[in-house]
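Please open the model in a viewer and keep the sequence panel beside it.

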Amino acid sequence: MAESKDFITTRVLNAPRQLVWDAYSEEKHLLQWWGPAGVKMAKATLDFKSGGMFHYGMYAPDGSIMWGKLVFGEIVAPKKLVCTVSFSDENAGFSRHPLAPMWPLETLSVTTFEDMGAQTKVTVNWKAINCSEEEAALFDNSHDGMNYGMKGTFDQLNEYIKTLI
């Protein structure tokens with residue numbers, strides 16, 4: 001098995017840590033902001049516990065539904081969230097990325113939430129796991145696009161959080 005380089009991104013949000021944690025850990029909130037800019041949630045279920053899953057479908061701009069899932073490992077409320085991230089099918093099975101067939105089947109995401117008083121620093125450390133050299137290389141070479149996608153996701157989260165304050 002190969003190893004990918006870590007993809008790390010950080011964003012400071014203008015909200016207290018508990019509110020940001022709630023936005024990550026409650027289905028009613030995730031439905032409002034999860035995913036890159038330009039996609040909307042079609043369907044989602046959340047079982048927020050270690051071993052539980054967030055399974056979701058997002059409408060792509062062309063109207064198709066792209067499925068994904070997060071399987072939760074370590075949860076340290078409201079400080080840390082560790083999960084495996086995968087593309088999925090409607091039945092929560094594994095699926096290849098619809099636009100990049102050599103994308104790793106599984107990635108590991110470690111998200112930390114640093115309390116900064118009225119603000120929260122969110123850091124995502126993401127890497128490919130259980131992957132081939134080719135899959136690791138694709139992950140490593142996709143960091144620019146991942147930064148763009150994460151920026152859109154964080155922008156949506158930031159806008160949504162404003163509605164909660």
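The stops below begin with the overall fold and then turn to individual sites.

**Before selecting anything**

This is a predicted model, in which local features need pLDDT of at least 70 and side-chain atom pairs count only at pLDDT 80 or more, while totals for chains, interfaces and linings use all residues. Residues are numbered from 1 along each chain as its sequence is written, and side-chain values use heavy atoms, with hydrogens and water left out.

**Stop 1: the whole chain**

Display the protein as a cartoon and colour it by secondary structure. The protein has 4 helices and 8 strands; these are DSSP runs numbered from the N terminus, with helices being H or I of at least four residues and strands E of at least two. Followed from the N terminus, the elements run β-α-α-β-β-β-β-β-β-β-α-α.

Next, show the surface. The protein exposes about 8,600 Å², of which carbon and sulfur atoms supply 53%; the areas come from the Shrake-Rupley method with a 1.4 Å probe, and for residues only the protein chains shown count as cover. Buried residues make up 48% of the 165, where buried means under 20% relative accessible area, exposed over 50%, and partly exposed in between (1.4 Å probe, protein chains only). Among contacts (heavy atoms within 4.5 Å) with a separation of 6 or more, 52% are between residues 24 or more positions apart.

**Stop 2: helix α1**

Select residues 17–25, which form helix α1. Because 8 of its 9 residues are buried, α1 is largely enclosed by the rest of the structure. The buried residues in α1 are R17, L19, V20, W21, D22, A23, Y24 and S25.

**Stop 3: the aromatic rings**

Show the side chains of Phe, Tyr and Trp. How many aromatic pairs does the structure hold? It holds 12 aromatic pairs; rings of Phe, Tyr and Trp (its six-membered ring) pair if their centres lie within 6.5 Å, and planes under 30 degrees apart count as stacked, over 60 as edge-to-face and the rest as tilted.

Begin with W21 and F48, an edge-to-face pair at 5.8 Å centre to centre with 75 degrees between the planes. W21 belongs to α1 and F48 to the loop between β2 (40–46) and β3 (53–59), so the pair ties together parts that are 27 residues apart in sequence. W21 is buried at 4% relative accessibility, whereas F48 is partly exposed at 25%.

Move on to W34 and F54, which also pair edge-to-face, at 5.6 Å centre to centre and 85 degrees between the planes. This pair links distant parts of the chain, with W34 in the loop between α2 (27–33) and β2 and F54 in strand β3, 20 residues apart. W34 is buried with a relative accessible area of 17%, and F54 is buried with 1%.

Finally, select W21, Y24, W33, W34, F48, F54, Y56, F72 and F113 together: ring pairs link these residues into a cluster.

**Stop 4: A44 on strand β2**

Centre on A44 in strand β2. A44 is buried, with a relative accessible area of 12%. Apart from its neighbours within four places in sequence, A44 is in contact with E27, L31, F54, H55 and Y56.

**Stop 5: backbone sites in loops**

Select A77 and P78, which are joined by a cis peptide bond with omega of about -15 degrees. P78 is in the loop between β4 (65–76) and β5 (80–88).

Continue to A92, in the loop between β5 and β6 (94–95). A92 is not a glycine, yet has a positive phi of about 70 degrees. Is A92 buried or exposed? A92 is buried, with a relative accessible area of 17%.

End at N130, in the loop between β8 (119–129) and α3 (133–141). N130, likewise not a glycine, has a positive phi of about 50 degrees. N130 is exposed, with a relative accessible area of 52%.
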